[in-house]
Amino acid sequence: MVVAAVVTAAGCSSGSSGTEQDASQPLEVWIRQDAGSPAAESAEALTKAFSEKSGIEAKLVAVGVNDFETKLQQRTAQKDLPDIVINDTGQLGNLVTQGLVREVDREGTAGSGDLADRAWEAAQGYDGKYYGVPFNSQAFALLIRKDWREKVGAQLPTSWDELVQLAAAFTNDDPDGNGKKDTAGMVVPGSTTRGYLTWWFSTMLWSEGGDFVKKQGDGFSAAVDDPASVKAVEKLQAMFCDSKVVQPGASTADSATTHTVFESGKGGIYLTGPYMLPRFDGSLGKDTYEVVAAPPGAGGEAAALAEGENVYLMAGSGNEKGQQAFAEFAASPAGQKIGLGLDNGGIIVRLPVNTTLDGAAERKDPRWDVFQKVYDEHGRNAPALPNWATVRQISSEGLNGVVSECSRDVAGAMGELADEIDAELEKQGAKG
């Protein structure tokens, strides 16, 4: 079952003129993918399979990757939300604070016991309640140019310090053998757009024993100015400013740019998700690079950002049973297998949230198991703040300042960033 809808001034309804949608109308399902893409094809297959199994008509809308939030806000203003939204776990707090999603009864969701606890955690809000059904998960691992590593005579790194040393060798020792110093060791999406730098740096920061926020009483407080965090940021700044192991323009690069840097042979180490394997296999060749877990840092433990996507049951729908049925099918083994994109390469399920399905075995590719083990053993979700997306953006801008301006004192800058984060936590009612 699904608990009562969140009621807010948004007046979120799925029908025209502010009225609730007739349950006889098709479920409107949104996914953050570009129309015509292989991923959109997989989502279409998922939607059709659901309709065939349940007898409930559903219509997929592939909303563009770049303007998804804008279009959702437009529909919010029109009080005409879709019934289902499949979107990032990092957007949960934003959706909840606007009252756009309904609460989910975890125990009342069919098959909930087969879904990974870490995936459920990413569907949990600051208040401890659930506001989505897990659909897709992922963790981040290192893609390392194996041919370059062998050329410079290095072993796989066993710590973040060794990883940076390997990046330095890739930058300075002509690993591609063209006689030019035109390669970068580390490929980093350092832009503030959508909080990319925080997104990338999370794995490094946690591995080094630092954090963005920490639990304090019944809430949180900033942790970016703690000693371990400051040391980690100093290492980040040194990568940009001293050893200069990152690619040129890293401080303004988004992931679309960094994908190209790695596959064009201009970068040797890329911390990214498993969804890039098919693309890089085609552009570089699967034997050219290796997939390894990020090593421990000074904190002594390995950690990796875990994230994914939830099926959000949007508030105001006139077909709550249909919403619930779609979410349950999407998380079922049948729905998850469709999402793997085995037939068309449209990967909308990277790592299955359903533990009864072995994604690596289904794909017949053990490299996917590296990502699965990272997720299971070292994966770490973003903190369950009322709105993590805002804190992620603030922290990204603060971090970008110290890598863009090499003379910036890191401890002082992190003190200023901590004040900004604390002010935002206070605003969100989450300051401990």
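Trainee: By class, what makes up the lining of the largest pocket?

Mentor: That lining has 10 nonpolar, 13 polar and 11 charged residues. Here Ala, Val, Leu, Ile, Met, Phe, Trp, Tyr, Cys and Pro count as nonpolar, Asp, Glu, Lys and Arg as charged, and the others, Gly among them, as polar. Bear in mind that this is a predicted model: local features need pLDDT of at least 70, side-chain atom pairs count only at pLDDT 80 or more, and totals for chains, interfaces and linings use all residues. Residues are numbered from 1 along each chain as its sequence is written, and side-chain values use heavy atoms, with hydrogens and water left out.

Trainee: What makes something a pocket and not a cavity?

Mentor: Whether the space is open. On a 1 Å grid over the protein atoms alone, a cavity is a set of points where a 1.4 Å probe fits but cannot get out, whereas a pocket is an open set with protein on both sides within 12 Å along at least five of seven lines. Lining residues have an atom within 4 Å of a point. By that test 34 residues line the largest pocket, with Val65, Ser255, His259, Tyr275 and Arg350 nearest its centre.

Trainee: What volume does the largest pocket have?

Mentor: About 1,200 Å³. Grid points are joined across faces, edges and corners, and the volume is the space filled by probe spheres set on the points. The second largest pocket comes to about 430 Å³. Of its 24 lining residues, Ala122, Asn381, Ala382, Pro383 and Ala384 are closest to the centre.

Trainee: Why does Thr272 count as buried?

Mentor: Thr272 has 0% relative accessibility, so it counts as buried. Thr272 lies in strand β9. Leaving aside neighbours within four places in sequence, its contacts (heavy atoms within 4.5 Å) include Ala139, His259 and Phe371.

Trainee: Which residues have the most contacts inside the largest nonpolar core?

Mentor: Met186, Trp200, Phe201 and Met414, in a core of 56 residues. To be called a nonpolar core, the set must be buried Ala, Val, Leu, Ile, Met, Phe, Trp, Tyr and Cys residues joined through side-chain atoms within 4.5 Å. The largest share of this core, 8 residues, comes from α7. A second, separate core of 55 residues includes Ile31, Ala58, Leu115 and Ala360.

Trainee: How do you know that β4 and β11 pair?

Mentor: Two strands pair if DSSP finds at least two bridges between them. β4 and β11 have 6, in the antiparallel sense, so by that rule they pair.

Trainee: Is β11 enclosed or open to the outside, and why?

Mentor: Enclosed, largely: 10 of the 10 residues of β11 are buried, so the rest of the structure surrounds it.

Key
Buried means under 20% relative accessible area, exposed over 50%, partly exposed in between (1.4 Å probe, protein chains only). Helices (H or I, at least four residues) and strands (E, at least two) are DSSP runs, numbered from the N terminus.
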